[in-house]
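Please read them with the structure open.

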Amino acid sequence: MIKFFKSRTGITPSKYVMIQKMEHAKMLLDETDLDLSEIIERIGLEYMSHFSKLFKNFYGVSPQHYRKLPPLTRPATHSWKVSIQPTNQSAIHVPTVDCEM
């Protein structure tokens with residue numbers, strides 16, 4: 001199943017899940033005043049250092065710095081269109097995710 005997913009999307013399922021977590025964290029930083037510890041809990045991570053490192057890898061700035069930036073100056077991300085092509089040729093589209101690698 002993992003090979004099938006990767007052959008169709010170009011990324012592993014675990015990478016896809018991590019992209020979704022980072023997108024959710026970004027949305028929470030944009031739209032709420034939640035503490036970073038609450039955001040980490042909501043996205044299913046345990047350690048602040050791990051979250052900060054992942055977030056900086058995805059967006060180029062730490063989550064603390066990201067939140068301090070004015071909304072229009074926050075880092076832009078690359079758009080990845082991920083879709084799975086089943087053997088019956090009908091496409092199952094996985095939601096678009098943004099990330100910077």
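**Notes on the helices and the core**

1. Start at the end of helix α3. Just after α3, G44 takes a positive phi of about 85°. Keep in mind that this is a predicted model.

2. Helix α3 covers residues 36–43, and its buried residues are L36, I39, I40 and I43. Seen down the axis of α3, these residues fall within an arc of 100°, so they line one face of the helix. The general rule is simple: an α-helix has 3.6 residues a turn, so residues three or four places apart point the same way.

3. What do the buried residues of α3 pack against? Their partners are three helices: α2 (13–31), α4 (48–59) and α5 (63–68).

4. Next, the largest nonpolar core. It holds 21 residues. Those that touch the most other members are M22, I39, I43, L45, F51 and F55. Helices α2, α3 and α4 each supply at least two residues of this core. The biggest share comes from α2, with 7 residues. As background, nonpolar side chains tend to be buried together in soluble globular proteins.

5. F55 deserves a separate look. Set aside its neighbours within four places in sequence. F55 is then in contact with M22, K26, L29, G60, V61, S62, P63 and Y66. M22, one of these partners, is also among the core residues that touch the most other members.

6. Turn to T9. This residue is found in helix α1, which spans residues 2–9. Is T9 buried or exposed? T9 has a relative accessible area of 14%. Buried means under 20%, so T9 counts as buried.

7. Where does the side chain of T9 reach? It meets the backbone oxygen of F5 at 2.8 Å. The T9 side chain also reaches the backbone oxygen of I11, at 2.9 Å.

8. Step back to the whole chain. The protein has 5 helices and 4 strands. From the N terminus on, the elements run α-α-α-α-α-β-β-β-β.

9. Some totals for the protein. Of its 101 residues, 34% count as buried. The protein exposes about 6600 Å², and carbon and sulfur atoms supply 56% of that area. Take the contacts with a separation of 6 or more: residues 24 or more positions apart account for 44% of them.

Technical notes: Residues are numbered from 1 along each chain as its sequence is written. This is a predicted model: local features need pLDDT of at least 70, side-chain atom pairs count only at pLDDT 80 or more; totals for chains, interfaces and linings use all residues. Side-chain values use heavy atoms; hydrogens and water are left out. Buried means under 20% relative accessible area, exposed over 50%, partly exposed in between (1.4 Å probe, protein chains only). The arc is that of the directions from the helix axis to the C-beta atoms. Contact means heavy atoms within 4.5 Å. A nonpolar core is a set of buried Ala, Val, Leu, Ile, Met, Phe, Trp, Tyr and Cys residues joined through side-chain atoms within 4.5 Å. A polar contact is a pair of N or O atoms within 3.5 Å; within protein, one must be able to donate a hydrogen and the other to accept it, and residues adjacent in sequence count only if both atoms are side-chain atoms. Accessible areas come from the Shrake-Rupley method with a 1.4 Å probe; for residues, only the protein chains shown count as cover.
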